[in-house]
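Thanks for making the time, everyone.

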Amino acid sequence: MEYEVNDQKLNASVFISFVNRVWPGDYDVDKTQAALSKTLNISAYDDKKLVGCLRVLTDGYYFGTITELLVLPEYQKQGIGSSLLQLARKNTPTMLYFGAQPGAEEFYEKNGCQKGLQSYIIAKKR
């Protein structure tokens, strides 16, 4: 497994193909590329295949958040998510805040994350 911190070669078409395997949707290429350009992208590759990605949005001083941590289903439970999380911890200058999908809490706690404030959502249509 190869890990890339601040993955500059990650582009919208590769990311959309990957994310559709985890969160199927109708994603816009230009908007996805713009989103990728605003985050620190930490990726996991098996050979040249994207199998995991963690994205961090940060102001570099006060605040950082993990926007998503995704690993292809067939690559889960192999330590990839844990490795991506450790790389985020080492390469982000701020404390990281994030929400966990229901059922993922144990994964984060096992990886040394502390349960914090309750999160809320203000939903918007795409």
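A word on terms before the count: helices here are DSSP runs of H or I with at least four residues, strands are runs of E with at least two, and both are numbered from the N terminus. Please keep in mind that what you see is a predicted model. On that basis the chain has four helices and five strands, and if you read along the sequence they come in the pattern β-α-α-β-β-β-α-β-α. The radius of gyration is 14 Å, close to the 14 Å that the globule rule gives for 126 residues, so the chain is as compact as a globular protein of that length. The C-alpha trace, taken along its principal axes, spans about 35 × 35 × 30 Å.

Turning to the contacts, if we consider those with a separation of 6 or more, 60% are accounted for by residues 24 or more positions apart. Of the 126 residues, 36% count as buried, while the chain exposes about 8700 Å², of which carbon and sulfur atoms supply 51%. As for charge, there are 15 positive and 14 negative charges, and their mean positions lie 4 Å apart.

Now to the helix. Which residues of helix H1 are buried? In H1, which covers residues 12-19, they are Ala12, Phe15, Ile16, Phe18 and Val19. Seen down the axis of H1, these buried residues fall within an arc of 160°, so they line one face of the helix. They pack against helix H2 (29-37), and also against strands E3 (49-58) and E4 (64-71).

Conventions: Residues are numbered from 1 along each chain as its sequence is written. This is a predicted model: local features need pLDDT of at least 70, side-chain atom pairs count only at pLDDT 80 or more; totals for chains, interfaces and linings use all residues. Side-chain values use heavy atoms; hydrogens and water are left out. The radius of gyration is taken over C-alpha atoms; the globule rule is 2.2 Å times the number of residues to the power 0.38. Buried means under 20% relative accessible area, exposed over 50%, partly exposed in between (1.4 Å probe, protein chains only). Contact means heavy atoms within 4.5 Å. Accessible areas come from the Shrake-Rupley method with a 1.4 Å probe; for residues, only the protein chains shown count as cover. Lys and Arg count as positive and Asp and Glu as negative; His and the chain ends are not counted. The place of a charge is taken as NZ of Lys, CZ of Arg, CG of Asp or CD of Glu. The arc is that of the directions from the helix axis to the C-beta atoms.
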